[in-house]
Amino acid sequence: MNAAVLERRVVTRPMPGPCPVISTGRLMLRPHRMSDAAMIAESLADFQVSRMLSRVPQPYDRQDALDWLAPRVSGDLNEWALAITTGDDVHIGVVGIELRHELWHLGYWLNRFYWGRGYMTEATGAVVERFFRRMPETTLHSGAFADNIASLRVQTKLGFNIVDACQLFSLSRNSMAPHIETVLDARNLRLSSRP
């Protein structure tokens, strides 16, 4: 047998590196801690928040949050999951970038009591900008359920383009729902000078 046949080709995929700490004008984005479980559970137990996410069950409790946090805190995952905090270090949401089905995906959520203040645009903009500094040749995928106009507005502000629509299962709704799919590459990123 030829030695070339036995040679294994190892494909290395570029990775963005460890989850960073990012400061913005009003926010601190940091890696998660196990102590964030109570605030995550409180936020995602709110159906107004969880209904906009595809993979969050209802009801949602502290054990669900601990189960989600454990692999992220351990550092075993090649993804970013940043806690959004204000000056008091209270967890108010998440911005995450993960590799799913060989594509990088942006996802995010915010506690309902912080909606309408521009926090999500500020947080996602900072995370996406840092991600593209580390991974400039990458295309970032995202999207939102069609009834989540605020989330689609955040993506539009950043420069995401709509590329498709489909039906996606929502665990919290326990049903299929219309979903808008978007993409962004580094050269089309738009960052606002104001939140």
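**Surface patch, sheet and salt bridges of the predicted model**

L171 is found in the loop between β7 (161-170) and β8, where helices (H or I, at least four residues) and strands (E, at least two) are DSSP runs numbered from the N terminus. The model is a predicted one, in which local features need pLDDT of at least 70 and side-chain atom pairs count only at pLDDT 80 or more, whereas totals for chains, interfaces and linings use all residues. Residues are numbered from 1 along each chain as its sequence is written, and side-chain values use heavy atoms, with hydrogens and water left out.

With a relative accessibility of 39%, L171 counts as partly exposed; buried denotes under 20% relative accessible area, exposed over 50%, and partly exposed the range in between (1.4 Å probe, protein chains only). Together with F169 and M176, L171 makes a nonpolar surface patch of about 270 Å². Accessible areas come from the Shrake-Rupley method with a 1.4 Å probe, and for residues only the protein chains shown count as cover. Patches are made of residues with over 30% relative accessible area and no salt bridge, like charges being joined within 9 Å and nonpolar side chains (Val, Leu, Ile, Met, Phe, Trp, Tyr) within 5 Å. The loop between β7 and β8 also holds N174, a non-glycine residue with a positive phi of about 55°. N174 is exposed, at a relative accessible area of 57%.

Eight strands form an open sheet of mixed pairing, in the order β1-β2-β3-β4-β5-β6-β8-β7; two strands pair if DSSP finds at least two bridges between them. The edge strands, β1 (22-23) and β7, each pair on one side only. Strand β3 (residues 80-85) is largely enclosed by the rest of the structure, because six of its six residues are buried. In a regular strand the side chains alternate between the two faces of the sheet. In β3 both faces are covered, with W80, L82 and I84 buried on one side and A81, A83 and T85 buried on the other.

Strand β2 (residues 28-31) runs antiparallel to β3 and is joined to it by four bridges. L29 has I84 as its bridge partner in β3, and R30 stands opposite A83. Six bridges join β3 to β4, again in antiparallel arrangement, and A81 has G96 of β4 as its bridge partner. The hairpin formed by β3 and β4 has five residues between the strands, and D89 in the turn adopts a positive phi of about 65°. In the loop between β4 (91-100) and β5, H101 likewise takes a positive phi, of about 55°, although it is not a glycine. H101 counts as exposed at 75% relative accessibility.

V127, located in helix α5, is buried with a relative accessible area of 0%. V127 touches I22, L29, W80, L82, V95 and I97, not counting residues up to four places away in sequence; contact means heavy atoms within 4.5 Å. V127 and I22 are 105 residues apart in sequence, and their C-alpha atoms are 7.5 Å apart in space. In helix α6 (residues 149-158), the buried residues are S151, L152, V154, Q155 and L158. These residues fall within an arc of 155° seen down the axis of α6, so they line one face of the helix; the arc is that of the directions from the helix axis to the C-beta atoms. Their cover includes β5 (103-110), α5 (119-134), β6 (139-145) and β8 (175-185). Just after α6, G159 takes a positive phi of about 105°.

Twelve salt bridges were counted, each defined by a side-chain nitrogen of Lys or Arg within 4 Å of a carboxyl oxygen of Asp or Glu. In one of them, the side chains of D46 and R112 meet at 2.7 Å, N to O. D46 lies in the loop between α2 (37-44) and α3 and R112 in the loop between β5 and α5, so the pair ties together parts that are 66 residues apart in sequence. D46 is buried at 15% relative accessibility, whereas R112 is partly exposed at 35%. The salt bridge of R55 with E98 has its closest N and O atoms 2.4 Å apart. R55 lies in the loop between α3 and α4 and E98 in strand β4, so this pair ties together parts that are 43 residues apart in sequence. A network of salt bridges links R30, R33, D36 and D89.
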